[in-house]
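Subject: Structure for your review

Dear colleague,

Please find below the structure that I am handing over to you. I would be grateful if you kept it open while reading the notes that come after it.

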Amino acid sequence: MRGLGVELVRERSAWIRGGVVIAGMVLGVLLLWPLPGAEANSCIDCHKTLADPSHVKHSFLEWEQSVHAKKQVTCNSCHGGDPAKAEKKEAHAGVLNSNNPKSRVFYQTIPKTCGTCHEQYQAFQKSRHYMMLQKTGKGPNCATCHGAMATKVLSLKEMQETCNLCHPKPYQAYEVIAIIRKTALSLSLLKDALGAAKQAGSPVAVAEAELGRAQADLSLAKQAWHTFHIKEVFVKGISAYEHAQAAKNELDRVKTPKASP
Ligand code: HEC
Ligand code: HEC
Ligand code: HEC
Ligand code: HEC
Ligand code: HEC
């Protein structure tokens with residue numbers, strides 16, 4: 001038994017090694033291939049050759065593997081500087097260490113920098129978190145919750161650990177996020193079901209209207225999330241959930257029974 005197990009493991013790892021080599025070759029080709037629309041960027045060209053200094057908060061690799069890299073959000077998008085200059089000194093004009101209050105990545109300035117692209121900044125400015133960040137430095141900024149490379153959307157478990165760094169677990173906030181995520185999932189399933197029911201000729205107008213209301217409330221809940229006014233988010237989230245339920249019940253009701261053979 002044991003021997004067989006070992007054999008299987010060997011065989012599997014040979015497969016995996018083979019797979020990794022092939023995947024590596026494919027990836028290598030892809031990486032050498034310039035991305036469409038990618039422009040020459042001296043930050044990337046130079047930094048990919050450097051060992052990350054020890055004080056670095058995120059590595060080059062983390063950037064390279066991030067959603068930001070895939071969408072061509074490059075070093076200069078967050079750090080400033082001039083990516084058209086090949087000389088380090090010229091390229092670094094305006095690039096300041098995050099300890100410097102004038103840096104674009106100084107902890108109190110991070111929200112504004114992210115806000116050049118992300119609308120979440122509008123809601124966040126209304127939050128007690130933002131107020132405390134500016135007033136006492138004790139509120140979280142975007143990178144506190146999204147990681148130094150800032151593209152992580154926390155799982156529920158990671159969220160509990162993160163929130164708990166500063167205060168007792170905000171249970172209602174967890175509940176809200178769970179409702180938002182669950183509703184988002186059921187909406188995508190319901191859309192498919194609605195499409196199918198429509199094709200089958202069922203009367204779907206009422207279900208469609210409910211689905212529309214659910215979608216609208218879900219958007220409002222998501223927009224309100226970064227205010228951290230949890231009650232407000234909760235009310236919208238629950239309302240979205242209830243409209244989704246109503247849409248589901250209505251779809252179940254109008255579904256045409258299978259025609260007898
Ligand atoms: C020719 C090489 C070169 C180019 C081009 C370059 N860098 Fe650097 N960069 C370095 C080196 C080397 C360091 C290590 C610290 C030092 O010597 O300043 C560094 C450090 C940094 C740091 C850390 C600064 C600190 O105070 O800790 C940031 C942020 C940075 N670079 C961003 C950029 C951005 C953004 C660009 C493009 C606009 C860029 N770099 C272009 C070589 C380069
Ligand atoms: C989405 C925004 C974003 C992008 C893109 C980004 N960084 Fe950063 N980087 C940050 C933030 C924010 C910090 C400060 C981390 C903290 O406070 O936790 C930081 C910190 C650093 C540091 C440590 C020095 C310091 O000032 O604290 C270096 C070095 C660095 N980044 C280099 C780079 C390089 C090189 C690239 C491109 C390959 C890059 N960054 C891309 C946001 C970004
Ligand atoms: C130059 C514009 C730009 C800047 C600056 C920027 N981002 Fe992004 N960010 C994007 C784009 C584009 C995406 C890809 C997803 C999308 O299209 O929304 C993205 C994705 C993300 C995601 C993942 C969203 C998801 O659904 O998976 C998070 C989280 C995020 N950014 C946070 C940040 C934070 C925090 C900062 C500041 C440290 C920041 N971003 C700075 C443009 C930017
Ligand atoms: C206290 C923690 C916290 C802070 C601070 C925070 N976020 Fe978030 N953010 C979250 C959580 C949790 C989610 C996931 C919400 C969800 O599941 O709908 C999220 C979602 C996001 C998303 C993805 C939205 C989506 O629908 O996929 C982006 C982009 C984002 N945040 C950007 C930012 C930016 C920019 C800032 C700063 C201005 C910021 N966040 C500050 C916790 C935080
Ligand atoms: C870096 C510290 C820090 C982190 C991390 C943090 N918070 Fe907070 N939070 C604060 C501070 C400070 C306050 C303001 C407390 C006060 O009013 O005195 C606050 C207040 C709140 C409030 C009350 C808001 C209001 O309008 O009264 C909620 C809700 C909240 N946090 C949720 C969260 C959630 C959810 C997370 C994790 C995703 C989180 N916090 C992570 C520091 C933090």
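This is a predicted model: local features need pLDDT of at least 70, side-chain atom pairs count only at pLDDT 80 or more; totals for chains, interfaces and linings use all residues.

Ligand 1

There are 18 residues around ligand 1, and those that come nearest are C43, C46, C75, G81 and N97. Three helices, α2 (42-47), α5 (75-79) and α6 (88-91), each supply at least two residues of this shell. The largest share comes from α2, which gives 4 residues. Sorted by class, the shell around ligand 1 holds 9 nonpolar, 7 polar and 2 charged residues.

Ligand 4

Around ligand 4 there are 22 residues, of which P111, C114, H118, C142 and C145 come nearest. Several helices take part here: α7 (110-115), α8 (120-124), α10 (142-146), α12 (171-199) and α13 (205-225) each supply at least two residues of the shell. Which helix gives the most to the shell around ligand 4? That helix is α10, with 4 residues. The shell around ligand 4 is made up of 13 nonpolar, 7 polar and 2 charged residues. Domain 1 (62-153) and domain 2 (171-254) each contribute at least three residues to the shell around ligand 4.

Ligand 5

Ligand 5 is surrounded by 19 residues, and the closest are R128, P140, C163, C166 and A173. At least two residues of its shell come from each of α9 (128-135), α10 and α11 (156-163). By class, the shell around ligand 5 divides into 11 nonpolar, 6 polar and 2 charged residues.

Helix α9

One of the helices that supply the shell around ligand 5 is α9, and it can be followed residue by residue. Its buried residues are H129, Y130 and L133. Viewed down the axis of α9, these buried residues fall within an arc of 95°, so they line one face of the helix. After α9 comes G137, which has a positive phi, near 75°.

Yours sincerely,

A colleague

Notes. Residues are numbered from 1 along each chain as its sequence is written. Chains are lettered from A and ligands numbered from 1 in the order in which they are written. A residue is near a molecule or strand if its C-beta atom, placed from the backbone, lies within 6 Å of it. Ala, Val, Leu, Ile, Met, Phe, Trp, Tyr, Cys and Pro count as nonpolar, Asp, Glu, Lys and Arg as charged, and the others, Gly among them, as polar. Domain bounds come from an automatic or database domain assignment. A residue is buried if 20 or more other C-beta atoms lie within 10 Å of its own, exposed if 12 or fewer, and partly exposed in between; C-beta atoms are placed from the backbone. The arc is that of the directions from the helix axis to the C-beta atoms.
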